[in-house]
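Keep the structure open as you read.

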Amino acid sequence: MTSRAEATDMPDDGGIKTPERLRRRASRLLSFVAAQSDRLMTEGLAKADARRWHYAVLASLQEYGPASQAALSRRTGIYRSDMVGVLNELAERGFVERASDPEDRRRNVVTITAQGRRQLRQLDKLLDDLHDDLLAPLLPAERDQFVELLSRILEHHRQPAP
């Protein structure tokens, strides 16, 4: 059976050391930070009876206004097949409303409610606190720089290959 320290290649009380060439690999470090981030965000949102997809939909509706389910899927990266379930959960809680699109009755338009805006503000505060925890070792200016650098890397890899 593998111990937690062995599974993450981090030193433990038994003196296990990770080889330098592994400690210096950006891809490996990013993977570990991403895993820690996912864990913190998932656990933190769960305490508020929320999920990351709830936040993504509410943030999209707040920033861009009412949208079709297909547009929300494109904006948030939520598969269309999963979007209905996410919207059902949000509608049951009174955070969004769905109505037929007057221009195309086959399509629903989703709108954030006042209660949804309040929930989004609460989730913003919660995520701010969780990000403070995640980035605790960095100074405020370093946090901004870190986000900028990650954004540049992501943007570079989103561009089509020449």
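**A helix pair and the core around it**

H4 and H6 pack at an angle of about 80°, with their axes 10 Å apart. Axes here are lines fitted to C-alpha atoms, for helices over the stretch in contact, and angles run from 0 to 180 degrees between N-to-C directions. H4 and H6 are therefore roughly perpendicular to each other, a label for angles of 65 to 115 degrees. Helices (H or I, at least four residues) and strands (E, at least two) are DSSP runs, numbered from the N terminus.

This is a predicted model, in which local features need pLDDT of at least 70, side-chain atom pairs count only at pLDDT 80 or more, and totals for chains, interfaces and linings use all residues. Residues are numbered from 1 along each chain as its sequence is written, and side-chain values use heavy atoms, with hydrogens and water left out.

Look at the helix contact itself. From H4, Trp53, His54, Val57 and Leu58 meet Met83, Val86, Leu87, Glu89 and Leu90 of H6. Contact means heavy atoms within 4.5 Å.

Now the core. The largest nonpolar core has 25 residues, and Val57, Leu58, Leu61, Leu72 and Leu90 touch the most other members. Such a core is a set of buried Ala, Val, Leu, Ile, Met, Phe, Trp, Tyr and Cys residues joined through side-chain atoms within 4.5 Å. Buried means under 20% relative accessible area, exposed over 50%, partly exposed in between (1.4 Å probe, protein chains only). At least two residues each come from H3 (26–47), H4 (52–64), H5 (69–76), H6 (80–92), strand S3 (104–112) and H7. H7 gives the most, with five residues.

Leu58 shows these links. Leaving out residues up to four places away in sequence, Leu58 touches Leu90, Phe95, Val96, Ile112, Gly116, Gln119, Leu120 and Leu123. Asp124 also lies in H7 (residues 114–134). At 29% relative accessibility, Asp124 counts as partly exposed.

What follows H3? Asp49 does, with a positive phi near 55°. Asp49 is not a glycine. Most residues other than glycine have a negative phi. Asp49 sits in the loop between H3 and H4 and, at 51% relative accessibility, counts as exposed.

Last, confidence. pLDDT is the predictor's confidence in each residue, from 0 to 100. The protein's mean is 89, and 90% of its residues reach 70 or more. Over residues 1–7, pLDDT stays under 50.

Notes. Angles under 35 degrees count as roughly parallel, over 145 as roughly antiparallel, 65 to 115 as roughly perpendicular and the rest as oblique.
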